[in-house]
Structure formats: C-alpha cells, structure tokens
Amino acid sequence: MKHTITLIPGDGIGPEVSKAVQVILAAAGVSIEWEEVKTIGDIDDRSSYLIESGVLESIRKNHVALKGPLATAVAFGPPSINVGLRKALDLYANVRPVKNLAGVQTRFQNVDLVLIRENTEDLYAGLEHEVVPGVVESLKIITEKASTRIARFGFEYARKWGRKKIHAIHKANIMKMSDGLFLTSTRKVASQFSDIEYKELIIDNACMQMVLNPTQFDMLLLTNLYGDIMSDLAAGLVGGLGVVPSGNIGETDAIFEAVHGTAPDIAGKGIANPTALLMSALMMLRHIGENAAALNIEGALYKVYREGKSLTRDVGGSATTAQFTEAVVRAFEK
Ligand code: NAI
C-alpha cells in the first residue's frame, strides 16, 4: 500500500537527516510518496509560516507527517512553530520512548521507558503579560478535559504496547489546584484500568529517582513543562537527543520528529546523526501499520550500532551521515 506522508525537512541539519531517512525507508521497500513542504529560513519571517507553507493543509489531508527540527528564537520573536503545529492540529499527546541502544556507552543498561507528555496546555499556553514594568505573569493552564484525555491516552498506550506500570508526575503539594486537578483527573482514569499499576511521584523526587535508578520506571505521565524537561533528562540516560525519537499524536493527525534541534554548529558538514529521526520514522511506520518494515529497519539499525564501525561522531564514531546511511541499508535482512 502506498502512503502519502507530509515531510517537513526543517532547518540546520534537518534536510541532511531527512534525506538519510528517505533513503533508508526507500531501500526497505516502504512505498511512500513524500509531500515535502518548504521551510522559511529566516526566523523573522516565521509568523505566517504555518499559513504560507501549506503545512497544515498537507498534514490535515495526509494525517501523518515526519518533521525535522525547526529553529526558534530564544526570548524574542514569534512563538515557536513547533508549539504552533501541535496546537493547530491538537496533537495533545507527546510520546517519547527511551531505550538503551546496544553500542552506545551509557551509565545505565536496560533502560526501557516511555514518557507521555500533555502537549497543549500548562505553561505552554503562551499566556504571558507584563502586569507593571518589572513584573511579568505567565499563566499555567490545567484543565480536567486535557488531563483526562492525556491520562486515557497513557493508559490505553500501556495496554496496547504491553506496559505494566504508570507513574503520574506532579507538584501538587505546592500547586494544589493545578497539579491537583491533573492528579484527580488521572486517578479517575487509572481506576478504570485495574490491569495497569498506578503510582504518583513528586517531580523533584522523580528526577532524583530517574538518575539513581531509571530501570524502576515503565511509563511516566506528565503535564507539559515537566514532560519537556524530564524527557530530555531521560534521553540523557541512554546517550542523548541524537538517539531518541518522539511522536506528537492527536485524534486524527500525528507528527513524528526527532527531539534534537537544528544543530547549527554542524549543519552542512555532512556529519549529523540521522538515528533520532530514523527512530521517529519507525514510530511513524508502526502508527500507519507498516510493522514488518519497521522491524526490518530497526534490526538493521541495531546491527550497525552493535558492530560500531559506521557510527557518527556524536556517538563516538567517525562516519559521515552518508556512510552511516549506507551501513544501515547494507544491514537489512535480505
Ligand atoms: P541542538 O539539539 O540543535 O544541539 C545541541 C547539541 O547536540 C549540538 O552540539 C549539536 O551539534 C548536537 N546534535 C543535535 N542533534 C544532533 C544530531 N542529529 N547529530 C549530531 N549531533 C547533534 O540544540 P540547541 O543548540 O539548543 O538548539 C538549536 C536550535 O534548534 C534552536 O533554534 C532551537 O529552538 C531548535 N530546536 C528545535 C527543536 C524542534 O524542532 N523540535 C527541538 C530543540 C531545539
């Protein structure tokens, strides 16, 4: 079956890692017609990007997109396009599997967990204003509706993928109303899933537990800001942002993307690691039912990492993006 998928190559190393993923998926025999939407390179021109690029129309039509990183200005300029895309398409669930990759040296082995982050509200609602000069207010929005929806997504995900335990992460001892509402909503959903063990942890303790003993966790359910921070912390446990994937999933549409940024320091040099985007593409293939192809590519990727001869610099090798890509293609089960 032929799939039409929106491709947002992104900025910086985005086009380089996107090309590598396209080559690998084509070599695996997955039939994909890529509908590529252009990126606007200048940050100042980005306010109208979502409308002018046609990206929203393309994703609404195809329902699935693969996305490279997009640059966002820090502390000035228009809001992040990444956040804009998630909001416009109501991609309320951010899914981040975090797992050791054989061949990547890390402090811990056997880490295998999934973080589910609420993607649409919390402090990311973007509601900030100056009350008086020198005083700024930023609103943390938590609703029963969004909390219940993300909790349900998390528990259903656990059932679908054979996970056994969910920790809800919060700071309801201090933010009794907002994080309290997230917890009470989650508890109601948890009570309907007696087959999944449900626990709660305060965010600061959860961070400490993660760096002491990450293998105790199976799935974490988090509001937007805690999820953003803890998912990068978790990525660090298995080798960093270059080797972890993510999916932003809504009722009808989904965008799969690497969690790293545009890596301006190495852009254009041909040395970027496409692993994170490739793993995101594997999540995407499973999302569209191409499980066999995903398994085949995953096997080839793991083999290249186990052998360790064609790895890129960020994971201790000296291969270029093209050499790594070739190695994965050569490693397919024929
Ligand atoms: P970054 O992830 O781009 O870079 C951090 C470090 O990791 C750099 O040394 C970089 O060379 C390295 N790195 C990242 N990805 C790599 C890869 N695939 N292969 C090899 N090395 C890799 O983070 P930074 O510098 O904080 O952000 C740069 C830009 O990216 C910013 O404009 C930021 O807003 C944007 N960004 C976009 C994201 C997205 O589109 N989802 C996510 C994170 C950042």
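I began with the pocket lining: α9 gives the most residues to the lining of the largest pocket, namely 5. Helices (H or I, at least four residues) and strands (E, at least two) are DSSP runs, numbered from the N terminus.

I note that this is a predicted model, in which local features need pLDDT of at least 70 and side-chain atom pairs pLDDT 80 or more, while totals for chains, interfaces and linings use all residues. Residues are numbered from 1 along each chain as its sequence is written, and side-chain values use heavy atoms, without hydrogens and water.

I looked up the volume of the largest pocket, which is about 790 Å³. A pocket is an open set of points on a 1 Å grid over the protein atoms alone, where a 1.4 Å probe fits, with protein on both sides within 12 Å along at least five of seven lines; lining residues have an atom within 4 Å of a point. The volume is the space filled by probe spheres set on the points, which are joined across faces, edges and corners. The lining has 27 residues, with P97, Y157, W161, M283 and R286 closest to the pocket centre.

I then turned to the ligand. It has 19 residues around it, and L70, G261, A263, D265 and N273 come nearest; a residue counts if one of its heavy atoms lies within 4 Å. A backbone N or O atom of L70 is 2.8 Å from a ligand oxygen atom.

Definitions and conventions: A polar contact is a pair of N or O atoms within 3.5 Å; within protein, one must be able to donate a hydrogen and the other to accept it, and residues adjacent in sequence count only if both atoms are side-chain atoms.
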